[in-house]
Each structure stands twice: as C-alpha cells, then as structure tokens.
Amino acid sequence: MTGIKKVTVLGTGVLGSQIAFQTAYSGFDVSVYDISPDILDQARKRFAELAAIYEKEVPGATGGKAAQTVGRIALYSDLAEAVADADLVIEAAPEVLKIKREIYEKLGQIAPAKTIFATNSSTLLPSEIKDFTGRPGRFVALHFANSIWKFNTAEVMGTADTDPAIFDAVVGFASDIGMVPIPIRKEKAGYVLNSLLVPFLNAAADLAAGGYAEPEDVDKVWRIATGAPMGPFQIYDIIGLNTPYNILSNGDAHAQKIAAWMKENYIDKGKLGVSTGAGFYTYPKPD
Ligand code: NAD
C-alpha cells in the first residue's frame, strides 16, 4: 500500500495529458491543472483523443472504459483548488527551470503537508529543483516515456535528500498505474533511457550525415544483426526530429554539423517524422 489515492497532474500537454489519463484509467482519483481555461479546452480534446487511442490499442479498453475515464478527470485553472487534497502531484510543465521554480515555490506553500511532489522532467536533475519545493524529502523525479500506454517505463530518481519511504511509495504507485518502475539509484542526467538512446541516435546520424550509409541501411543493420524491432532512424521518426535537433545543436562543433545536415535535409523540408507524415521514412506505410 502506497497511501496514494488522489493524484494531481500539473500541465496537460503531450505528457501531462497521457499521465493523467493513464492514472485515471487505472482507477485513481485524478485532477489536472493548467494555466488557462482555453488550454483546459485543448486538454479535453487530448483526453478524447487518448480515449480513442486506448480503445484501439489497449487490450480491455473497450465497452466504454476508456470513454468513461475522460469524465473522471477534474480540470482546474486554479492551482490551490487542483492540489487541495492531493496525495501526489506529478508536474509535467514546460522544460524550463524558471517555470518549474515558480511552480514549486507556489506549490510548496499551498499543497497539504502530506503531498508528495514528482517531476517528469527529462533533462533537469531533481537536485536542481528540490530546494524550491520546501520539502526535499518528499520530492522525486518520475520520468515517463511518450505513449505511456505502450512504452510503459517509469524511471524513479530521488536526490540525496529524498526519504526512502517516499521513493518506495512512488515506485509502488508507478506499478499500480501499469508502468514498469525502474529505480535509479543515483542521480544521472538522462536517467537510463536517454543515457543509452541519445548517444545511440547521435552515432546513427553521424553515419548518415557523414555519407557512410543510407538511413534505411543503418536501420537494416541494427535490426538484422541485433534482432531489435526498430532501427535508430525509425526511432527518430517517432520522437520527432525537433528535440534531437535541439540536443545536437547544443553539442560540440561536430554535433552541430550533424544538426545542420538534419535541418537542411529533413526539418526545412517539413519532414519532422511520423507526426508530419514524413521524416526519414514516409507514413502511414513506410517501406
Ligand atoms: P508540452 O509543452 O506539451 O506541455 C506543457 C504543458 O504545461 C502545457 O499544457 C502548458 O500550458 C503547461 N504549463 C505552462 N506553464 C505552466 C505552469 N506554470 N504550471 C503548470 N502547467 C504549465 O510539454 P511536454 O512535452 O508534455 O513536456 C512536459 C514535461 O514532460 C517536460 O518536463 C518534459 O521534459 C517532460 N517529458 C516530455 C516527454 C515528451 O516526449 N514530450 C517525455 C518525457 C518527459
């Protein structure tokens, strides 16, 4: 028993909407907060889209179960109301330290003392945020992957100040919402997933940008020789090229050269991946 029943998700964008939906779908009492009623209208659309995706892709989500989930999510544009009785707040606000700082400074004042805080941040370390929370013992990172109904890892990473009982409660909660919890024992930028994935994707782009092999052939080698279901360029297309481009652009001169190749050949041509119908492959039916 984790003691977690009521969950509030802050931010209803790509990941926040998925986290809220999956948590409500798993039977928890869920509230969401976003900054304006207009954005909450967009959130309602996102939840309806997720219900349709669950009906198609999640075994057992038929018979109205997914559609009913939408009606069980309470939406707020008032932070104090949204977190009034929360056992756990999961923050999925923009990846900007200043925004996160403002959120936690406010949250630390208005959330009940019992509330655990978890950030879904992909690139910030929890120790960069913990002091803004006013309760570092009850603060962890809880990192989901995009499309959480099928890519269901939840990496849990505390700081030196995190209470081990809180860490364990969040691991238990992740499991209760159908995730495979992965405890990260020490703070590590990129957690496990991105510590592996980012260098892997960079190496693949280096091969194609350097003219050594075509993207399809790089993917072919990886699939055939390792038995993996997807090659790196198929993964790029799913992630969307903007984020990898930004990461490469922040790197050294060689990484910036690869970024320029990606921009010129793909991004500038509107080929951003699956979401735009083309990236390294064309969709819906890549060869
Ligand atoms: P997003 O831009 O799609 O959504 C961010 C949401 O936060 C928006 O709805 C925005 O209105 C809202 N917001 C803005 N200011 C806010 C505030 N002060 N308080 C609460 N909400 C506020 O972003 P996203 O892709 O969902 O990413 C959110 C977090 O999740 C980031 O920390 C990111 O690193 C992490 N993450 C993203 C992915 C991904 O694939 N997109 C994967 C794992 C983790």
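This is a predicted model: local features need pLDDT of at least 70, side-chain atom pairs count only at pLDDT 80 or more; totals for chains, interfaces and linings use all residues.
## Domain arrangement

The domain assignment divides the protein chain into domain 1, covering 6-184, and domain 2, covering 198-276. Taken over C-alpha atoms, the centres of domain 1 and domain 2 are separated by 30 Å.

## Surroundings of the ligand

The ligand is surrounded by 22 residues, of which Leu15, Asp34, Glu95, Lys100 and Asn120 are the closest.

In the side chain of Lys100, an N or O atom is 2.8 Å from a ligand oxygen atom. For Asn120, an N or O atom of the side chain is 2.9 Å from an oxygen atom of the ligand. Ala93 takes part through its backbone, with an N or O atom that lies 3.3 Å from an oxygen atom of the ligand.

## The setting of Arg135

Arg135 is placed in the loop between helix H6 (126-133) and strand S6 (139-144). Leaving aside residues up to four places away in sequence, Arg135 touches Leu107, Gly108, Ala111, Pro112, Ala113, Thr115 and Phe117.

Is Arg135 buried or exposed, and which side chain of opposite charge is nearest to Arg135? Arg135 is buried, and the nearest side chain of opposite charge is that of Asp87, 10 Å away. A salt bridge requires a side-chain nitrogen of Lys or Arg within 4 Å of a carboxyl oxygen of Asp or Glu, and Arg135 has no salt bridge. The side chain of Arg135 does, however, reach the backbone oxygen of Thr115 at 2.9 Å. Thr115 is also among the residues that Arg135 touches.

Methods:
Residues are numbered from 1 along each chain as its sequence is written. Side-chain values use heavy atoms; hydrogens and water are left out. Helices (H or I, at least four residues) and strands (E, at least two) are DSSP runs, numbered from the N terminus. Buried means under 20% relative accessible area, exposed over 50%, partly exposed in between (1.4 Å probe, protein chains only). Lys and Arg count as positive and Asp and Glu as negative; His and the chain ends are not counted. A polar contact is a pair of N or O atoms within 3.5 Å; within protein, one must be able to donate a hydrogen and the other to accept it, and residues adjacent in sequence count only if both atoms are side-chain atoms. Contact means heavy atoms within 4.5 Å. Domain bounds come from an automatic or database domain assignment. A residue is near a molecule or strand if one of its heavy atoms lies within 4 Å of it.
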